[in-house]
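Here are a few exercises to work through with the model open beside you. Try each task before reading its solution.

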Amino acid sequence: MPVPQHCPTPRELDDLELLTTGALAPTTRFGEPGSPVTLTLPSDIAGEEVVELVDPEGLPLARLTTATGEVEVLTHHQYGAFRRLHLSPAQVREHHAGRTFVPVVDALDTTQLDELRGLGPLVLLALTGHGTAELTPTALLRASLAAAVQLPDAAVVAVPLAAHDDPEADHELGVRVVATYAAGDPVHALTEGTGELGPEIAAIVDADRPAPDEQGLVLFFTGLSGSGKSTLARALMDRILEETDRPVTSLDGDVVRRHLSKGLTFSKEDRETNIRRIGWVAAEISRHRGLAVCSPIAPFAETRAQVRQMVDDAGGAFFLVHVATPLEECERRDRKGLYAKARAGEIPEFTGISSPYEEPDDASVRVDTTGRTIEDALDDVIVALREEGYLDLTTADEPADEPVTAESESPLKVLFVCTANICRSPYMERIARSLDLPGVEFTSAGTHGFDAAPMDTPMASRLADRGLDGSDFRSRRVTSRLIADADLVLTAEAGHRSTILEENPEAVRKVFTLGQAARLVEEQGSLAPRDLVAALAERRTAPDPADDVADPYGRGDEAAARAAVEIESLVKRVLGH
Ligand SMILES: Nc1ncnc2c1ncn2[C@@H]1O[C@H](COP(=O)(O)OS(=O)(=O)O)[C@@H](OP(=O)(O)O)[C@H]1O
Ligand SMILES: Nc1ncnc2c1ncn2[C@@H]1O[C@H](COP(=O)(O)OP(=O)(O)O)[C@@H](O)[C@H]1O
């Protein structure tokens with residue numbers, strides 16, 4: 001008889017790695033009394049004496065003795081980005097003894113980097129385990145490597161220390177694991193930083209945490225048969241296709257059952273399999289920042305929660321719509337004649353009649369379609385999507401091309417944004433002001449800089465070359481108030497735009513990169529300023545990073561001169577219209 005195999009959860013795989021490298025010493029096995037390091041086997045193999053634990057690709061990693069929880073190593077984990085940084089405590093002793101050990105769970109900010117500069121040779125212990133880090137494992141390691149480059153002498157080691165939903169036990173475990181790695185060498189606990197990130201690290205973090213409107217999204221409609229899931233999902237898809245350039249995939253319940261889930265029945269087990277398949281595909285779509293629209297009945301809360309988790313693990317957003325049309329109305333509609341058959345006992349296990357539907361208590365929006373038009377019901381979904389910042393579609397009572405009146409007396413406010421508000425955005429501001437456009441006000445701010453710093457000299461000199469004075473300029477940070485007050489926000493890079501939208505998702509229609517705006521306005525032709533801003537709000541073309549204005553900070557006069565020419569040309573392209 002072959003030994004049964006089992007692929008543990010990501011958390012258990014992390015625990016297994018640390019158990020087998022000695023990082024959890026003195027714990028050496030799963031399920032020690034009082035330890036959060038446990039492993040759950042599916043019921044069909046829980047009674048076996050020995051189980052082979054395999055990685056997701058089926059590579060046997062360890063042999064588990066189920067009675068004791070002991071594991072015997074077969075192979076060490078082999079794949080995954082930055083595998084070379086995964087060192088055991090013994091390997092760390094060999095290569096890095098005598099250094100100061102710094103546990104890291106998030107990107108290091110500028111004050112934390114300053115704090116580390118005086119500490120001599122370091123090991124940044126990146127705690128990448130499931131649920132522990134603020135970033136995905138790959139991004140945490142990329143950010144830690146970028147930080148190490150900025151320190152005099154720092155090595156990065158990946159430690160997949162997972163979280164087990166028990167903060168106290170996890171804290172105790174973490175302290176022990178770090179102490180095992182340090183083995184008597186000093187351990188330095190980082191102080192809470194200001195959150196201000198240097199440009200390289202900020203770019204890594206921005207890419208890992210896209211703004212809600214750039215994140216992958218799974219729109220999951222659940223409800224009884226005939227409640228209106230497919231109808232609403234289809235109408236929403238059409239709206240998305242009409243108004244955005246996001247790629248969309250439909251995973252409709254009936255369609256999935258003809259392809260991906262062909263042959264499955266409506267037993268509880270098969271329904272669960274069906275929903276997990278939909279969830280798996282949807283999660284993969286969201287991993288690539290796509291949009292998946294799913295509309296199965298999905299009657300069980302636990303399976304829906306599993307889908308939410310899969311999407312979350314893939315870095316996507318999960319948006320649950322409960323189509324809460326009551327059974328009586330669904331049965332009255334009985335579009336496919338199935339309720340009549342179910343009542344007659346011709347269809348067993350029919351949801352709502354002879355099989356349960358567990359109402360969700362975690363839906364983003366609940367829509368009862370009884371006595372309402374499809375458009376009207378759809379508006380509830382669109383409003384909720386807009387409120388959460390995921391998608392900005394027009395509702396039925398809000399025509400896409402609402403006439404914009406130019407009679408407004410107050411000036412149009414344009415805010416330029418870069419990182420520290422000392423090079424690029426002040427230059428944009430001053431060049432724009434020099435064009436003397438009536439009825440438009442120009443200001444600037446930075447996503448990560450300090451307050452009240454003067455303009456950086458090389459860029460100030462470029463202004464002086466053009467007969468403009470930047471000596472009175474003082475920097476400031478972007479705030480939600482500044483964003484709310486602005487009619488148009490133009491950023492140097494796509495990363496600045498993402499940072500702003502993360503905090504202010506509702507601003508999605510008025511924040512563009514300068515390069516993006518230049519392209520868009522040229523497609524519009526000449527318009528009055530307010531009409532131009534309104535026209536931009538209707539455009540959905542994503543920014544192209546190739547249009548970014550590169551940061552000249554600290555790169556000398558030539559870089560400053562290049563940035564100046566580029567900015568001047570882009571500002572004139574935008575404002576010329
Ligand atoms: N026993 C039983 N119970 C419920 N539904 C049944 C059943 N037998 C067939 N049908 C038809 O299959 C559609 C539901 O399939 P789903 O894949 O969405 O169901 S589930 O999520 O796996 O529970 C459902 O389609 P919708 O009306 O689009 O929901 C029904 O038309
Ligand atoms: N406000 C509404 N929203 C959605 N569907 C509605 C609404 N009013 C009536 N209906 C009708 O209800 C039926 C819903 O069917 P369907 O969308 O296939 O449901 P499900 O996919 O949940 O089984 C359709 O015939 C649709 O025209």
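**Exercise 1. At what angle do α9 and α10 pack, and how far apart are their axes?**

Step 1. Helix α10 covers residues 301-313, and α9 packs against α10 at about 20 degrees with the axes 8 Å apart. Helices here are DSSP runs of H or I with at least four residues, strands are E runs of at least two, and both are numbered from the N terminus. Axes are lines fitted to C-alpha atoms, for helices over the stretch in contact, and angles run from 0 to 180 degrees between N-to-C directions.

Step 2. The two helices, α9 and α10, are therefore roughly parallel to each other, a label for angles under 35 degrees.

Step 3. Ala, Val, Leu, Ile, Met, Phe, Trp, Tyr, Cys and Pro count as nonpolar, Asp, Glu, Lys and Arg as charged, and the others, Gly among them, as polar.

A word on the source: this is a predicted model, in which local features need pLDDT of at least 70 and side-chain atom pairs count only at pLDDT 80 or more, while totals for chains, interfaces and linings use all residues. Residues are numbered from 1 along each chain as its sequence is written, while chains are lettered from A and ligands numbered from 1 in the order in which they are written.

**Exercise 2. Which residues come nearest to ligand 1?**

Step 1. Of 21 residues around ligand 1, the nearest are S225, G253, F266, P296 and I297; a residue counts if its C-beta atom, placed from the backbone, lies within 6 Å.

Step 2. Both α8 (253-258) and α9 (268-287) give two or more residues to this shell.

Step 3. The shell around ligand 1 divides into nine nonpolar, seven polar and five charged residues.

**Exercise 3. Which element supplies the largest share of the shell around ligand 2?**

Step 1. Ligand 2 is surrounded by 18 residues, with G228, K229, S230, T231 and T369 closest.

Step 2. At least two shell residues come from each of α7 (229-243) and α13 (374-387).

Step 3. The largest share, four residues, belongs to α7.

Notes:
Parallel < 35°, antiparallel > 145°, perpendicular 65-115°, else oblique.
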